[in-house]
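Please read these notes with the structure open beside you.

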Amino acid sequence: MGFVIFFFISWLIATILAVIQKKLSLAENTFVFLIILIFNINFSWIVVEELKLITYSKDGFDYTAFLLNRSVMIPLLLVILVNLFQFRKSTMNRIILILVTEAILLCFSILSTYFKITEYTSWNYLYDAIYYLFLQLIAVFSYKLFVRNSQNVVSES
């Protein structure tokens with residue numbers, strides 16, 4: 001059941017990303033997606049495989065749901081966040097957007113433990129919240145870094 005839910009959510013997020021009005025170019029969206037993907041995979045490798053703070057199910061479908069969450073849902077949701085972040089000019093609207101994204105990411109974690117896709121051994125939702133907040137900041141700042149560096153390239157030529 002967890003696989004079906006996560007598969008549906010993955011396609012829902014991908015569809016939302018495809019249909020929303022985007023401020024970022026294809027290259028900027030790809031850059032943010034890849035930065036978040038690389039960081040998220042390495043972080044989950046350290047937390048799950050090396051430190052064993054979180055264990056995941058050995059069932060094939062549940063493991064696929066874990067991979068969907070790690071490699072599709074979280075990076076795509078953060079790309080949507082960065083796109084929507086550019087439409088919001090006031091600080092309060094941006095903070096609300098970050099909090100809503102944080103709540104959605106925590107719901108993914110709750111669903112993951114509810115369906116026994118992951119089990120927290122020495123981990124809790126507070127650590128997840130801190131990690132997701134950090135991940136959102138990485139997404140926003142990687143976009144700003146990309147824009148600043150691409151402007152420097154254009155002005156030099």
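Predicted model: local features only at pLDDT ≥ 70, side-chain atom pairs only at ≥ 80, totals over all residues.

1. Which residues of α4 are buried? They are Leu97, Ile98, Thr101, Glu102, Leu105, Phe108, Ser109, Ser112 and Thr113. Note that this list includes Glu102, which returns in point 5.

2. Leu105 deserves a look for its contacts. Setting aside neighbours within four places in sequence, Leu105 is in contact with Ile74, Leu77, Leu78, Tyr132 and Gln136. Leu105 is also named, with Ile13, Val32, Ile36, Leu78, Val82 and Phe108, among the residues that touch the most other members of the largest nonpolar core.

3. That core has 39 residues. At least two residues of the core come from each of α1 (2-19), α2 (26-50), α3 (60-87), α4 (91-114) and α5. Which helix gives the largest share? It is α3, with twelve residues.

4. Gln136 lies in helix α5, which covers residues 125-156. Is Gln136 buried or exposed? Its relative accessible area is 1%, and buried means under 20%, so Gln136 counts as buried. The side chain of Gln136 makes a polar contact of 2.8 Å with the side chain of Glu102. Not counting residues up to four places away in sequence, Gln136 touches Leu78, Leu81, Ile98, Thr101, Glu102 and Leu105.

5. Now turn to backbone angles. Most residues other than glycine have a negative phi. Just after α4, Lys116 takes a positive phi of about 60°, although Lys116 is not a glycine. Lys116 is found in the loop between α4 and β2 (118-120). With a relative accessibility of 63%, where exposed means over 50%, Lys116 counts as exposed.

6. Is Lys52 buried or exposed? Lys52 has a relative accessible area of 52%, and because exposed means over 50%, Lys52 is exposed.

How values were computed: Residues numbered from 1 in each chain as written. Heavy atoms only, no water. Helix = DSSP H or I, 4+ residues; strand = E, 2+ residues; numbered from the N terminus. Buried < 20%, exposed > 50% of the residue type's maximum accessible area, 1.4 Å probe, protein only. Polar contact = N/O pair within 3.5 Å; in protein donor to acceptor, adjacent residues only side chain to side chain. Contact = heavy atoms within 4.5 Å. Core = buried A, V, L, I, M, F, W, Y, C linked by side-chain atoms within 4.5 Å.
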